[in-house]
Amino acid sequence: MKRTPSLITFTVLLTCLLAPTLTFRAMAEDVQPASNAKSESEDLYEQLKIFGGVLERVQREYVDEPENRELIEAAMIGMLQSLDPHSAYMPPKNFEDMKVQTKGEFGGLGIEVTMERGLVKVVAPIADTPAERAGILTNDLIARLDGEDVLGLTLSEAVDIMRGKIGTKITLTVLREGEEDPLEIDIIRDIIEIKAVRYRAEGPEGQIAYIRLTTFNENTTKNLRKAMAELSAAAGKEKFAGYILDLRNNPGGLLGEAVKVSDSFLSQGEIVSTRARKAEDNIRFNARRGDMSKGAPVLVLINGGSASASEIVAGALQDHHRALVVGTQSFGKGSVQTVIPLPNDGALRLTTARYFTPSGRSIQALGVTPDVIIDQELPEDIKARPRRSEASLRGHLSSSPENDKETPDAKTNKSEDDSNDKSNTDTKDDNEYKSDESSEGNADVKAKDKTKEKGKSFAYVPRELEKDKQLQKAIEIMLAMDASKQRLLEN
């Protein structure tokens, strides 16, 4: 069969890319019978030959002439999707969006938005941003962007138009309740920082520092420590009761930031370890001397939307008995994704390891169980939804697969700086379950049974403070702990 030049080029390129992988794998697995290695190699090339034949047939005979780039990208997407829910190929646009999220700032207007009746609805303008200064209000409906109708656009497409180069102008056509005619509002784009940290004083005398982390980007630790310093100073040394760290609905982010956030409340010991397929790639992250919280009491709030980096922080503080964890079972995303840039400006997001807490518990498909279980009152529409967790995702990794024979003592140390190369996006009990979790099926059953025992966990936090049972309980516990401490000091 005659092959097209593009197919020959692709086949040669794919062979060159795979050859080093095969060599590396053979070395890593030490001694293998030559016949077995040859058999595996022959099988691989046979499968590549079949793939090449399919690609050629599609190129020649599909009803519409396909784009070769799109065919290859689709093949990569399918290959990675077959591995687990978090491995993926990211086209250049998606990779750029991910970098914006992890960097924590972008050129834009400064509004939180959603879609309503096909138009962009303003949830809230962010304080001290171009949108707020231009007079954008909550519940405004944006009908046009620079004269282009919003109707027919997705929310993502509309947001892409609103973002742009710093210093450039955009005109929003706004429909506002109480105004008969649409408003034309000009806004100059500026640097917008993604607010990873929100904080305020709680308690009858403002003696509790409430700090909510919404994501783990490059600014999270810096802003967390600023919040800690401001709130503790405002309360006063004598009155300050402690910290409530709210990680509910926080989907994760950068591993390095999770380590630094945990380190803000610890002065020694392991924070988290990652275990890969090969023992030499395992990494342990340890706390550095100095506890910024100065030993003040800490409560951590989690729920079904707390995943990855959030679970690392909750698990580390729980294992070191540094914090009381309150809420409901976390999501259970305990796998490490390494982001590998590609020559086409896209990237490969590949699952390369699992996370383990300091005591050796796996987070993967199990999550973190709170010390104090507090179920949130749910609206009827949310009650009807199925509970989503890592264990419910098709193709998820088990917590302790059969070939993972390593124990916590066998872990090797690597530089803490390696954390910057790890990114947990969607971003993750060995000893406790070792005897009856020898297969993925058993691990999943155990995870689901464990969740049922602890109550259903949803990613829901009420907007009204008085309806937030989990936060109210955390405040109640913190005040009780503070009262107990004061009695001890008086005696």
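Valine 313 lies in helix 9, helices being DSSP runs of H or I with at least four residues and strands runs of E with at least two, both numbered from the N terminus. This is a predicted model in which local features need pLDDT of at least 70 and side-chain atom pairs count only at pLDDT 80 or more, whereas totals for chains, interfaces and linings use all residues. Residues are numbered from 1 along each chain as its sequence is written, and side-chain values use heavy atoms, with hydrogens and water left out.

**The chain as a whole**
- The chain has 13 helices and 19 strands, and buried residues (under 20% relative accessible area with a 1.4 Å probe, protein chains only) make up 45% of its 491 residues.
- Its accessible surface, by the Shrake-Rupley method with a 1.4 Å probe, comes to about 25,700 Å², of which 52% belongs to carbon and sulfur atoms.

**Nonpolar cores**
- A nonpolar core is a set of buried Ala, Val, Leu, Ile, Met, Phe, Trp, Tyr and Cys residues joined through side-chain atoms within 4.5 Å; the largest has 43 residues, and those with the most contacts inside it are Ile211, Leu213, Leu224, Leu245 and Val300.
- Helix 9 (residues 309–319) gives the most to this core, with 6 residues.
- Apart from this core lies another, of 16 residues, among them Ile142, Met162, Val174 and Ile185.

**Valine 313 and leucine 245**
- Valine 313 is buried, with a relative accessible area of 0%, and, leaving aside neighbours within four places in sequence, it is in contact (heavy atoms within 4.5 Å) with Phe216, Leu245, Leu247, Ala258, Val261 and Ser262.
- Although valine 313 and aspartate 263 are 50 residues apart along the chain, their C-alpha atoms are separated by 9.0 Å.
- Leucine 245, not counting residues up to four places away in sequence, touches Val313 as well as Ile211, Leu213, Leu224, Phe265, Leu299, Val300 and Leu301.

**Helix 13**
- Within helix 13, the residues Gln470, Leu471, Ala474, Ile475, Ile477, Met478 and Asp482 are buried.
- Seen down the helix axis, these buried residues fall within an arc of 165 degrees, so they line one face of helix 13; the arc is that of the directions from the axis to the C-beta atoms.
- The cover over the buried residues of helix 13 includes strand 10 (197–202), strand 11 (208–213) and strand 12 (242–246).

**Threonine 102**
- Threonine 102 is found in helix 4 (residues 92–103) and is buried, with a relative accessible area of 13%.
- The side chain of threonine 102 reaches the backbone oxygen of lysine 99 at 3.1 Å.

Note on methods. Buried < 20%, exposed > 50% of the residue type's maximum accessible area, 1.4 Å probe, protein only. Polar contact = N/O pair within 3.5 Å; in protein donor to acceptor, adjacent residues only side chain to side chain.
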